[in-house]
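Here are my notes on the model you sent.

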Amino acid sequence: MPIYQLKIRQLFLALLTFCFIFIPNSAWAIQKDIVILYTNDVHCGIEDNLGYTKLAQYKEDLQQDTPYITLVDAGDAIQGAPIGKLSTGEAIINIMNEIDYDFTIPGNHEFDYGMDRFLALNDKLSCGYYSSNLVNTITGKNLLPAYKIFQFDDKKIALIGVTTPETLNSSTPAYFQDDKGNFIYSFNEDATGKKLYTNIQNTVDTVKKFGVDYVFLVAHLGMNGITPRWSSLAVAQNTQGIDAISLMVILMKSFLLL
């Protein structure tokens, strides 16, 4: 299980085994430490690498130094091993609830048990799933909340969820269709990427109205081997007002200090 930590301190960012695209010209001025713990692509690896048990202990240890701890997952947690398949994801959701995740987004594999099952798991997940670009095409409305705003002392941080539009093909297309084969769910896919960029920009503009100090995209998009117009880099190049975009990575061992 890859686990990453983003620690925001006064006038600088410490980035520990984490991978973010940083947007330039951001003013970082946090008076107290804020730690964002981040996992992605766990794929039911409950004991892999650090594992959920040690993650829970690590979170508890960090709370001795600062009360501002946020635990985030960027997708593909509930599929990939028998424990997930046999429980159709519920066993992993139960573990995530015990650790008390604060913000989660669906990756493409969160839908591998079908849309109905995904919605049922969403109800079971204490913090629920977030995605700005999962849309019901019949109603034209978002299926999930797009963002969540966290208050840390006198600072506000907005986390915005983004799920790859490749989900329509990388999961099972029929799960997103009606009985006549018409797609009734969309991830803002199009030939140019503009629908996704516009959706994200509108969401960023919305959270800015609440006076947030920083905006992070928790995105299941990735960089290499995926459709270029839907990559994290493409999103960064075609939006503004975002302070950081998470990268979908499996393992990250470097330490970067900005």
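1. Among contacts (heavy atoms within 4.5 Å) in the chain between residues at least 6 apart in sequence, 74% join residues at least 24 apart. This is a predicted model: local features need pLDDT of at least 70, side-chain atom pairs count only at pLDDT 80 or more, and totals for chains, interfaces and linings use all residues. Residues are numbered from 1 along each chain as its sequence is written, and side-chain values use heavy atoms, with hydrogens and water left out.

2. The chain has 258 residues, and 54% of them count as buried. Buried means under 20% relative accessible area, with a 1.4 Å probe and protein chains only. There are seven helices and 14 strands. These are DSSP runs numbered from the N terminus: helices are H or I with at least four residues, strands are E with at least two.

3. The largest nonpolar core holds 31 residues. Such a core is a set of buried Ala, Val, Leu, Ile, Met, Phe, Trp, Tyr and Cys residues joined through side-chain atoms within 4.5 Å. Tyr52, Ile78 and Tyr101 have the most contacts inside this core. At least two residues each come from β4 (34-39), α1, β5, α3 and α4. The top contributor is α3, with four residues.

4. Tyr101 deserves a look. Leaving aside residues up to four places away in sequence, Tyr101 touches Thr39, Tyr52, Leu55, Leu71, Val72, Asp73, Met96 and Cys127. A second, separate core has 19 residues, including Ala158, Val204, Trp230 and Ile245.

5. Which residues of α3 are buried? They are Ala91, Ile92, Ile93, Met96 and Ile99. Their cover includes α1 (51-62), β5 (69-73), α2 (82-86), β6 (103-104) and α4. After α3 comes Asp100, with a positive phi near 75°.

6. Now the helix pair. The axes of α3 (residues 90-99) and α4 (residues 115-124) come within 10 Å and cross at roughly 20°. That makes α3 roughly parallel to α4, a label for angles under 35 degrees. Axes are lines fitted to C-alpha atoms over the stretch in contact, and angles run from 0 to 180 degrees between N-to-C directions.

7. On the α3 side of this contact are Glu90, Ile93 and Asn97; on the α4 side, Arg117, Leu121 and Lys124. By class, the contact residues are two nonpolar, one polar and three charged. Here Asp, Glu, Lys and Arg count as charged, Ala, Val, Leu, Ile, Met, Phe, Trp, Tyr, Cys and Pro as nonpolar, and the others, Gly among them, as polar.

Key: Parallel < 35°, antiparallel > 145°, perpendicular 65-115°, else oblique. Buried < 20%, exposed > 50% of the residue type's maximum accessible area, 1.4 Å probe, protein only.
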